[in-house]
Every structure is written in C-alpha cells, then in structure tokens.
Amino acid sequence: NVHGPESIRNGEFFEMRIKATADGPIGELVIGVDEALWEDMTVNTLLPAATDETSEDHEFRFTFAELDAGTPFLMKVDAQVNPDIFGGNEGTVTVYDGEAVLAQVEIQMTVLP
C-alpha cells in the first residue's frame, strides 16, 4: 500500500507512506522506488533508516531487517517537489525479499504550476 498525493503543486512539501504486511516471513525486506518517481524532488526525511541504501537498475533500494509474517512495516518519506517540474512523475514502488519481487504498485503524481 502506497499513500501519497495524486496531484500537487511544484514547490510543495508532501508525505509518502509505504506500508507492507508480510503474508509469510521475509528474510531481507527491501523497498525499491523507481528513480523516475522521485526525479526533480528533494527527499528530506526517510524513516526508519535503512541498513543499506543503493541505486541499481534505475531504482533506489532501501534494505531493512527481516520481517515476521503478519508484522506490519511502515516507511515514511517527507519530500518536496522542486520548482522545475511540470506535468508530473510516475514510477513503481516494489517490495522485495532480497532480490525476489513480492509486490509492485504503480504511482502517478501530477504536478501543477
């Protein structure tokens, strides 16, 4: 589940919340965010802090500890739309167990002047 604005004005701050609840145990929880989704945006805060942060295959990846079945996980991102964006961004948020894809959500964010 990904919660964030569908429409926003450039220059505004916003919050994105990425929630995951495991049906079974996850050995290594990784949240991936397409670079295109955050292009020309400034990420101010990301909670909780990941144990590892990488950029690979046009995706920002944030690695966290294992997650027991039925345990909810919440990643909170506070960001700002840079003034030069017009039209919007789109991309995918992916939940992994290590390298294995568990779930994907397509996100579109319209940016108004």
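Two strands count as paired if DSSP finds at least two bridges between them. Strands here are DSSP runs (E, at least two residues), numbered from the N terminus.

Welcome! This is a predicted model, where local features need pLDDT of at least 70, side-chain atom pairs count only at pLDDT 80 or more, and totals for chains, interfaces and linings use all residues. Residues are numbered from 1 along each chain as its sequence is written, and side-chain values use heavy atoms, leaving out hydrogens and water.

**Exercise 1.** Find the order of the strands in the open sheet, and explain why S2 and S6 each have a side without a neighbour.

*Solution.* Begin with the order: the six strands run S2-S10-S9-S4-S7-S6, with mixed pairing. Next, look at the edges: S2 (7-9) and S6 (52-56) each have a single partner strand, so one side of each is left without a neighbour in the sheet.

**Exercise 2.** Work out in which sense S4 and S9 pair, and over how many bridges.

*Solution.* Take S4 (residues 29-34) and S9 (residues 87-97): their pairing is antiparallel, over five bridges. Then pick out Leu29, which stands opposite Asp97 in S9.

**Exercise 3.** Locate Asp40 and Asp57, and decide how exposed each one is.

*Solution.* First, the cut-offs: buried means under 20% relative accessible area, exposed over 50%, and partly exposed in between (1.4 Å probe, protein chains only). Asp40 sits in the loop between S4 and S5; its relative accessible area is 33%, so Asp40 is partly exposed. Asp57 belongs to the loop between S6 and S7 (59-63); at 63%, Asp57 is exposed.

How values were computed
Helix = DSSP H or I, 4+ residues; strand = E, 2+ residues; numbered from the N terminus.
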